[in-house]
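User: I would like to learn how to read aromatic pairs in a model. Please take me through this one.

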Amino acid sequence: MSLHRRFTYAALAAGVAVGTFATPAAAAAGPSTLAAGQYTLAAGYNQFDAVNNALVSTLGTAAVHTVMANANHDRTALPSSFSVAGLSTGFRFDSGDNSDCASYPQGITTSRDAVGTANGGNYDGHQLVAVSWYTKDGCDGAQQRSRITLVDWDADYPNAYRKILLVEPTGTADAPDFKDIPIHAGGMSWYGDYLYVADTGKGMRVFDMRKILKTDSGGTADQIGHQSGSTYYAHNYAYVLPQVGTITSKTTSGTNLSWSSISLDRVSKSIVMTEYTCASGCTDYPNRAPRAIRYPFASTGTFAATTTASQALQLPWYKLNGVASHNGRWWFNSSGSKQLYYWKPSAAAQTFAWVGSGESLSYWEDDTSADLLWSLQEGAGNRNVFAVTQATYGGG
């Protein structure tokens, strides 16, 4: 089945009319420009090489196609009750993940981010949607660890997905180990072989999709890391993805950035980020206007040792959980306002109705069908992962 036909079928199955257009609210003032030079990144991709090489030697790696051949969860269709303008396709996680009160989906990226439209947007033979999650130590507990979910999005493969635990290497080359990464994982971007995951107060953590490690899925749910000999547990996960590097954010003027969400812009070969802030009254988040910053990749396809932002914006909107940019255009999702904002330079911003509990955004390029915006909802019992035509939201 072609991708376009499957998009149409999924939308009809969800009971949503294909091609429905959103009606924007009255045009509003858009972002203002900030001095981009005050925002820099310091990047290191080899921070854990010695320990990671030892882990690879001990545990061995699993290619993405192997992980997906062993996918052990089935995604389900969107419910007929789900409705959003311009809906093209989407899915839900299985009932356990949809209702899990201790784990919450946050970031989203796809193999179209990783490789573009070449070869149908396949990475290692699979067209994939990736979602980041954080897990608490109980339904009302503290953040304890984070993971990603790789979801097959290709009619040639089952409607299946696999969970992979994110870990930070520890120990030494002679005694390699790893531990949980207890971050919010609010945004995620995939470019080439590298996966970038937002680390709220610091910047981004970097992972290499060629270095998924095989672990023993036995033990107990609370066991993590080296046990004895060559046995490593990971909360019963069969695969872990170890961190390979760190991207640290620096600001020479104003408050430090809060890395709430990130997204890839393949046109300008950059990652964009935005902040979740409040106008006033928040205790867990900054009370100030948010910013959106663009950081360009070097010609190598990775960040240079030092990178200066190429664009910086002050935003007039609050409680932003998602950002996307493509070909000079921007989208911002406000979970608090249930609105999606569209803006491009020299034009007034537009405001569209959006879903509740909305999280990150990812732009899906397509050579033969409409370009899409992927997004998701985090609320337990209502975890819809969906794609809308980007032209529905001002991007034509």
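**Reading the aromatic pairs**

Analyst: Start with Tyr-134, which is buried, with a relative accessible area of 10%. Keep in mind that this is a predicted model.

User: What describes a pair of aromatic rings?

Analyst: A pair of aromatic rings is described by the distance of the centres and the angle of the planes. In this structure the count comes to 27 aromatic pairs. Tyr-104 and Tyr-134 form one of them, with 5.6 Å centre to centre and 20° between the planes. That pair is stacked, because planes under 30 degrees apart count as stacked.

User: Where do Tyr-104 and Tyr-134 lie in the chain?

Analyst: Tyr-104 is in strand E5 (residues 103-110), and Tyr-134 is in strand E6 (residues 128-136). They are 30 residues apart, so the pair links distant parts of the chain.

User: Is Tyr-104 buried or exposed?

Analyst: Tyr-104 is buried: its relative accessible area is 15%. The charged end of Arg-383 sits over the ring of Tyr-104, 4.9 Å from its centre.

User: Which geometry do Trp-354 and Tyr-393 show, stacked or edge-to-face?

Analyst: Edge-to-face, at 5.2 Å centre to centre and 90° between the planes. Trp-354 is in the loop between strand E25 (350-353) and strand E26 (358-364). Tyr-393 is in the segment after strand E28 (384-389), 39 residues apart from Trp-354. Both Trp-354 and Tyr-393 are buried.

User: Which residues form one aromatic cluster?

Analyst: Phe-91, Phe-93, Trp-133, Trp-153, Tyr-161, Trp-364 and Trp-374 do. Over the ring of Phe-91 sits the charged end of Arg-75, 5.8 Å from the ring's centre.

Methods
Residues are numbered from 1 along each chain as its sequence is written. This is a predicted model: local features need pLDDT of at least 70, side-chain atom pairs count only at pLDDT 80 or more; totals for chains, interfaces and linings use all residues. Side-chain values use heavy atoms; hydrogens and water are left out. Rings of Phe, Tyr and Trp (its six-membered ring) pair if their centres lie within 6.5 Å; planes under 30 degrees apart count as stacked, over 60 as edge-to-face and the rest as tilted. Helices (H or I, at least four residues) and strands (E, at least two) are DSSP runs, numbered from the N terminus. Buried means under 20% relative accessible area, exposed over 50%, partly exposed in between (1.4 Å probe, protein chains only). A charge sits over a ring if NZ of Lys or CZ of Arg is within 6 Å of the ring centre and within 35 degrees of the ring normal.
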